[in-house]
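Have a look at the picture below, then read on for the main points.

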Amino acid sequence: CNVLTRSASGRALQIELAGEKARVTVDGNTFRRLLGYDKLKSTLFVVREAGEAFEFDGYGHGHGVGMCQWGARGMALKGKTAEEILDFYYPGSQRWRLRPGKTKGLK
């Protein structure tokens, strides 16, 4: 079992499975489905050989899109501001303060 490619966020995109007689490549979501969603909670994992088996260390329970509520909470508990948290999850985005009666956003 070998992760061939990862997304920018580190999620497994393509995984190679090799046996004695064949090799097959599957996408990360298919691999997760085949193992069982209850066993591999996310495609954000690392894998290593452990004798004749493989061990997976997973990170997260989600789909990898948007802000993780538990990650944001952890950052807040470590003293990060709302702006720092939003910048982490949505780099390059802009925030606007909307005021009643205005049709355009104001910074």
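How many residues lie between β2 and β3 in their hairpin? There are four residues between these two strands. You're looking at a predicted model, where local features need pLDDT of at least 70, side-chain atom pairs count only at pLDDT 80 or more, and totals for chains, interfaces and linings use all residues. Residues are numbered from 1 along each chain as its sequence is written, and side-chain values use heavy atoms, leaving out hydrogens and water.

**Confidence**

- The protein has a mean pLDDT of 84, with 88% of its residues at 70 or more; pLDDT is the predictor's confidence in each residue, from 0 to 100.
- Confidence is highest in β3, at 94, and lowest in strand β5 (residues 53–58), at a mean of 86.
- Helices (H or I, at least four residues) and strands (E, at least two) are DSSP runs, numbered from the N terminus.

**The three-stranded sheet**

- Three strands make an open sheet in the order β1-β2-β3, with antiparallel pairing; strands pair if DSSP finds at least two bridges between them.
- β1 (2–6) and β3 (23–27) sit at the edges with a single partner strand each, so one side of each has no neighbour in the sheet.
- From one strand to the next, the twist averages 20 degrees.
- Helix α1 (residues 28–35) packs on the sheet and touches β2 and β3, where contact means heavy atoms within 4.5 Å.
- The direction of α1 makes about 100 degrees with that of β3; axes are lines fitted to C-alpha atoms, for helices over the stretch in contact, and angles run from 0 to 180 degrees between N-to-C directions.
- β1 and β2 run antiparallel and are joined by four bridges, and threonine 5 has glutamine 14 in β2 as its bridge partner.
- The hairpin of β1 and β2 has five residues between the strands, and glycine 10 there takes a positive phi near 95 degrees.
- β2 and β3 pair in the antiparallel sense over five bridges, with arginine 23 in β3 as the bridge partner of alanine 18.

**Zooming in on glutamate 16**

- You'll find glutamate 16 in strand β2 (residues 12–18).
- Its side chain makes a polar contact with the side chain of arginine 23 (3.3 Å); a polar contact is a pair of N or O atoms within 3.5 Å, and within protein one must be able to donate a hydrogen and the other to accept it, while residues adjacent in sequence count only if both atoms are side-chain atoms.
- Leaving out residues up to four places away in sequence, glutamate 16 touches Cys1, Asn2, Leu4, Arg23, Val24 and Thr25.
- Glutamate 16 and leucine 4 are twelve residues apart in sequence, and their C-alpha atoms are 6.5 Å apart in space.

**The other hairpin**

- Strand β4 (residues 45–50) runs antiparallel to β5, and six bridges join them.
- Two residues separate β4 and β5 in their hairpin, and glycine 51 in the turn has a positive phi of about 70 degrees.
- Alanine 50 stands opposite alanine 53 in β5.

**A pair of helices**

- Helix α2 (residues 69–77) and helix α3 (residues 82–89) have axes that come within 10 Å and cross at roughly 140 degrees.
- Gly71, Ala72, Met75 and Ala76 in α2 meet Glu84, Ile85, Phe88 and Tyr89 in α3.
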